[in-house]
Amino acid sequence: TVKGGVFDVNTTSSNALKSDLICLLTTRRGQRPMRSSLYSPIYDYIMEPLDSFVKSELKKDIEKKVSEFIPQISITAVNFEEPEQGNLLKIDITFRIDNEFITDSISITVSRDI
């Protein structure tokens with residue numbers, strides 16, 4: 001139901017696409033057995049040092065994966081940060097929804113402890 005259900009309902013396509021983006025970027029390799037290419041590239045780089053080369057490669061891989069599975073979204077910026085507390089990687093992604101000319105952003109924090 002719209003109210004009181006287990007999951008929040010997306011009332012607009014932009015909210016649905018934002019949820020899809022978060023879901024895609026937090027899916028680990030192998031979580032979708034029948035869709036072996038549906039996974040986040042973030043976990044492939046999680047143990048690498050966060051230098052300019054790794055940032056560049058991860059940004060390209062994120063853009064490629066998003067264009068493959070959510071072509072309605074265009075990534076406009078990807079910023080990486082390593083918070084001082086904990087062994088974390090914070091990724092801020094700014095994107096544009098092509099059909100609606102909407103710009104939005106998400107922030108994902110991933111533990112670097114495996």
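**Figure 1. Aspartate 98 and its salt bridge with arginine 96.** In this predicted model, aspartate 98 is partly exposed, with a relative accessible area of 24%. Arginine 96 forms a salt bridge with this aspartate. The closest N and O atoms of the pair are 3.2 Å apart. Arginine 96 is partly exposed too, at a relative accessible area of 34%. Arginine 96 belongs to the uncovered face of strand E2.

Figure 2. Lysine 18 and aspartate 104 form a salt bridge, with 3.4 Å between the closest N and O atoms. The pair links distant parts of the chain. Lysine 18 sits in H1 (residues 13-25), and aspartate 104 in E3 (residues 102-111). The two residues are 86 residues apart. Lysine 18 is partly exposed, with a relative accessible area of 24%. For aspartate 104, also partly exposed, the value is 28%.

Figure 3. Aspartate 44 pairs with arginine 29 in a salt bridge. Their closest N and O atoms are 2.7 Å apart. Aspartate 44 lies in H2 (residues 42-45), while arginine 29 is in the loop between H1 and H2, so the pair ties together parts that are 15 residues apart in sequence. Aspartate 44 counts as partly exposed, at 38% relative accessibility. Side chains of opposite charge can pair when their charged atoms come close. The model has five salt bridges by the rule used here.

Figure 4. H3 covers residues 52-69, 18 residues in total. At 1.5 Å a residue, the helix should span 26 Å, and its end C-alpha atoms are 26 Å apart, which agrees. Val54, Leu58, Ile62, Lys65 and Val66 are buried in H3. Seen down the helix axis, the buried residues fall within an arc of 95 degrees, so they line one face of H3. They pack against H1, H2, strand E1 (73-81) and strand E2 (88-97). The face turned away from the buried side carries the exposed residues Ser52, Phe53 and Lys64.

**Figure 5. Strands E1 and E2 and their hairpin.** E1 and E2 pair in the antiparallel sense over eight bridges. Isoleucine 75 has phenylalanine 95 of E2 as its bridge partner. Six residues lie between the two strands of the hairpin. Glycine 86 takes a positive phi near 80 degrees there.

**Figure 6. Strands E2 and E3 and their hairpin.** E2 and E3 also pair in the antiparallel sense, over ten bridges. Lysine 90 has threonine 109 of E3 as its bridge partner. The hairpin of E2 and E3 has four residues between the strands. In the turn, phenylalanine 101 has a positive phi of about 55 degrees.

**Figure 7. The chain as a whole.** The chain has three helices and three strands. From the N terminus on, the elements run α-α-α-β-β-β. Of the 114 residues, 30% are buried. Among contacts with a separation of 6 or more, 40% come from residues 24 or more positions apart. The accessible surface comes to about 7,400 Å². Carbon and sulfur atoms account for 49% of that surface.

How values were computed:
Residues numbered from 1 in each chain as written. Predicted model: local features only at pLDDT ≥ 70, side-chain atom pairs only at ≥ 80, totals over all residues. Heavy atoms only, no water. Salt bridge = Lys/Arg side-chain N within 4 Å of Asp/Glu carboxyl O. Buried < 20%, exposed > 50% of the residue type's maximum accessible area, 1.4 Å probe, protein only. Expected span 1.5 Å × (residues − 1). Arc of directions from axis to C-beta. Contact = heavy atoms within 4.5 Å. Areas by Shrake-Rupley, 256 points an atom, 1.4 Å probe, with all protein chains shown as cover. Pairing = 2+ DSSP bridges.
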